[in-house]
Amino acid sequence: MGDRAVPGPAPAEGLARRTQRTENNILEPDSHGNVQRSDQRRLLIGVWSLVCLFAAIAVFRSHEVAIPFRDPHGTILRNRLLISAMLFVGLVIVDGVARSGPKARRPNAVARVIRDRWTRRRLSLAIAGLLAYHLVYFCYHNLKSWVAFKPVRDDMLLRWDHWLFLGHTPAVALHDLLGQHVAAYALMVVYESFTPVVSVCVVASMVFTERVEEGYVFIASTLWVWILGVSSYYLIPSIGPFHEAPGAFSGLPHTVVQDTQAQYLAQRVQLLAHPHAHDSFAQLGAFASLHVAMTTLLLLMARQYGLRRTARAMTVFVCVTMVATVYLGWHYAVDDIAGVAIAVVSTLVGRTMVPRDPDPVDARRGAVTNRERAKSSRADGAACA
């Protein structure tokens, strides 16, 4: 007899292994929320092209008014980036614990779930999305500040409100209906909750969505809210009814709202008087209401993600926010209507920027076909053996 061959895997076994690897790659290419490289490239190009274009417009306006970009006390960019980073780490841990199930008490199990889910690709996409959001927000605030150099049109907005409400002032009607004490404090809390709610939701969209591009629908839509919102400020520059018709709000109790309104007016006066002072920065703009635009967007996104309970809660939150903006004197009623319109348009445009998933039925059919091919290949390999 000749020399005995070194044992090795049978042809059928090797074929089965190769087929299994191929099958797994076909059926579960994105098991941890990754996107295909071509889709990832298209997604990032679309979002960052928008960011760069908006930044270029902001740079042009900065040159026009001869004022550099400003981040007063780090409140617009630096601090918000830090807050987002802390929220991101915290929510990733919460997500890891939730996905660990019964093993959540074991730190090693949670760490393993987090490590498996947060691949380098998913992490880079999430960071790129959050950075895009904050850069657009930074440009938005600077552009909003420079609206102060435009003549205001509050008298026109006030006339529109009177026309819509048959000669009545909406804020006064709300004061008569809700009173001017308990309601003032309750609506103040709702209005002031806007910033923390939005901050958490922006980060949560990158963390909790199963596939990261689903979160990009939210991010892309928010970019358009800020872009269309600041465009509306330039379309109809305004300060707000608390300044145009202060008598309508004289009966409200003194709260942080009045302090903030006085502070914002002083900032505007400072910017107009000393535009080149390093701390000159304005934050007033009434038309359109981006409080309403962003909260309406949160409602639309909750519906998009199939979060029924959240959507019901957000419906109430949107309605109360609309009441609060008018009641407290921040916005005219027409500002709120424009805010809803901006949210709807932003959502529609934001969806077009994110590559769509294949039809679920077609995907399932493709998966079944792949399984059948894999089984056939294994059978053929076994027959050859």
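Predicted model: local features only at pLDDT ≥ 70, side-chain atom pairs only at ≥ 80, totals over all residues.
1. Cys139 is a buried residue, with a relative accessible area of 8%.

2. How many disulfides does a search of the whole structure find? The search returns 0. Cys139 takes part in no disulfide, and the nearest cysteine sulfur, which belongs to Cys52, is 9.7 Å away. A disulfide requires the two cysteine sulfur atoms to be within 2.5 Å. Another cysteine, Cys319, counts as partly exposed because its relative accessibility is 44%.

3. The C-alpha atoms of Ala56 and Cys139 are 9.5 Å apart in space, although 83 residues separate the two in sequence. Ala56 belongs to helix 2, which covers residues 37–65. With a relative accessibility of 43%, Ala56 is classed as partly exposed, whereas Cys139 is buried.

4. The whole structure contains 6 salt bridges according to the search. In general, side chains of opposite charge can pair when their charged atoms come close. One of the salt bridges joins the side chains of Asp95 and Arg117, at 3.0 Å from N to O. Asp95 is in helix 3 (residues 78–100) and Arg117 in helix 4, so this pair ties together parts of the chain that are 22 residues apart in sequence. Are these two partners buried or exposed? Asp95 is buried, at a relative accessible area of 5%, and Arg117 likewise counts as buried, at 5% relative accessibility.

5. A further salt bridge is formed by Glu210 and Arg99, whose closest N and O atoms are 3.2 Å apart. Glu210 sits in the loop between helix 9 (194–207) and helix 10 (212–235), while Arg99 is in helix 3; the pair therefore ties together parts that are 111 residues apart in sequence. Glu210 is partly exposed, with a relative accessible area of 43%. Arg99 also counts as partly exposed, at 33% relative accessibility.

6. Which residues are linked in a network of salt bridges? The network is made up of Asp95, Arg99, Arg117 and Glu210. Within it, Asp95 and Arg117 are buried, and Arg99 and Glu210 are partly exposed.

7. The side chains of Arg211 and Glu213 form a salt bridge as well, with an N to O distance of 2.5 Å. Glu213 counts as buried because its relative accessibility is 6%.

8. Positive charge gathers on the surface in a patch formed by Lys103, Arg106, Arg112 and Arg115. Of these residues, Arg115 lies in helix 4, which runs over residues 107–117. Arg115 counts as exposed because its relative accessibility is 54%, and the cut-off for exposed is over 50%. Helix 4 also holds Arg117, which is buried.

9. The other patch is nonpolar and covers about 460 Å² of surface; Trp163, Leu164, Phe165 and Ile337 make it. Ile337 is located in helix 15 (residues 333–352). With a relative accessible area of 52%, Ile337 is exposed.

Methods. Residues numbered from 1 in each chain as written. Heavy atoms only, no water. Patch = residues over 30% accessible without salt bridge, like charges linked within 9 Å, V, L, I, M, F, W, Y side chains within 5 Å. Areas by Shrake-Rupley, 256 points an atom, 1.4 Å probe, with all protein chains shown as cover. Salt bridge = Lys/Arg side-chain N within 4 Å of Asp/Glu carboxyl O. Lys, Arg positive; Asp, Glu negative; His and termini not counted. Charge placed at Lys NZ, Arg CZ, Asp CG, Glu CD. Helix = DSSP H or I, 4+ residues; strand = E, 2+ residues; numbered from the N terminus. Buried < 20%, exposed > 50% of the residue type's maximum accessible area, 1.4 Å probe, protein only.
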